[in-house]
Amino acid sequence: MGGYDDYYRERTYPEVHNWLFMQGPLPVISIVAAYLVFVFKVGPDFMAKRKPYSLQAILVIYNLFLALYSLFIVTKGANITWWYFMGKIFELADTVFFVLRKKHQQVTFLHVYHHSIMVLVVWYIYKYVPCEQASVCLLINSFVHIFMYTYYMLAALGPRFQKYLWWKKYVTLLQLVQFSVIITYCACLLLFDCIHPKIVSVFFIVFESLFWYLFAKFYYNSYIKKVKV
């Protein structure tokens, strides 16, 4: 069995450095910076004296697109990592639409942190540390997003579809299961001393554990605490 250097060389694609946004860090940092400036400054200032936009047709098309996009990634497998990265950029529009619709309560720390950090982390890993851990996360996350964006699409269709949205809390539960599976998988890689880079496994355990905590807190506040009250 070869070492990780051999494993890494077999899975490194030199052409990735020539793909869109992959040449260096400046483009992706600029995108995230522009996203944060819009969310916290430009967007709110622009909407201050305006009525919220409906955007119903745009939201239906957008969420249907992302649901199908996630399905495309799942069916094609882990060899289309750049497409997954581009999906993280597309998903920044989630927050843009919240701002334009004046859904301020949905622009939470969890939401903004999740969207912005994913773009940066996915870019870095696929450019510099392509590995099996990232591929597993890609497939699991895309699978979850099929259901998540399908839910958002149905919600965007209007009140007459509310009766079909009883499964909202289960989307969050599915996300919690996602984080748990990834954490367990990476822990097993460490436990059994697999060939995959240990530092990446440790990173994903910490990274996904933080997400697990934030999403669990959201689930408790949204679906357990409210019931008790």
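Predicted model: local features only at pLDDT ≥ 70, side-chain atom pairs only at ≥ 80, totals over all residues.

Visitor: What do the side chains of K88 and E91 form?
Guide: They meet in a salt bridge, at 3.1 Å from N to O. The term requires a side-chain nitrogen of Lys or Arg within 4 Å of a carboxyl oxygen of Asp or Glu.

Visitor: How many salt bridges are there by this rule?
Guide: The count is two. D45 also forms one with K41, and their closest N and O atoms are 3.0 Å apart.

Visitor: Where do D45 and K41 lie?
Guide: Both belong to helix α2 (residues 25-47), four residues apart, or about one turn of the helix. Helices are DSSP runs (H or I, at least four residues), numbered from the N terminus. D45 is partly exposed, at a relative accessible area of 46%.

Visitor: Let us change topic. Which residues touch the most other members of the largest nonpolar core?
Guide: They are Y84, F85, V119, Y126 and F204, in a core of 46 residues. Such a core is a set of buried Ala, Val, Leu, Ile, Met, Phe, Trp, Tyr and Cys residues joined through side-chain atoms within 4.5 Å.

Visitor: Which helix gives the largest share of this core?
Guide: That is α9, which supplies 10 residues. A second, separate core has 20 residues, including L59, Y62, L66 and V171.

Visitor: What does Y84 contact, leaving aside neighbours within four places in sequence?
Guide: Its contacts (heavy atoms within 4.5 Å) include I73, M118, Y126 and L138. T81, in helix α4, touches Y126 and L138, not counting residues up to four places away in sequence.

Visitor: Is T81 buried or exposed?
Guide: T81 counts as buried, because its relative accessibility is 17%.

Visitor: One last topic: where does α7 bend?
Guide: The bend is at H145, by about 25°, taken as the angle between axes fitted to the seven residues ending there and the seven starting there. After α7 comes G158, whose phi is positive, near 115°.

Note on methods
Residues numbered from 1 in each chain as written. Heavy atoms only, no water. Helix = DSSP H or I, 4+ residues; strand = E, 2+ residues; numbered from the N terminus. Buried < 20%, exposed > 50% of the residue type's maximum accessible area, 1.4 Å probe, protein only.
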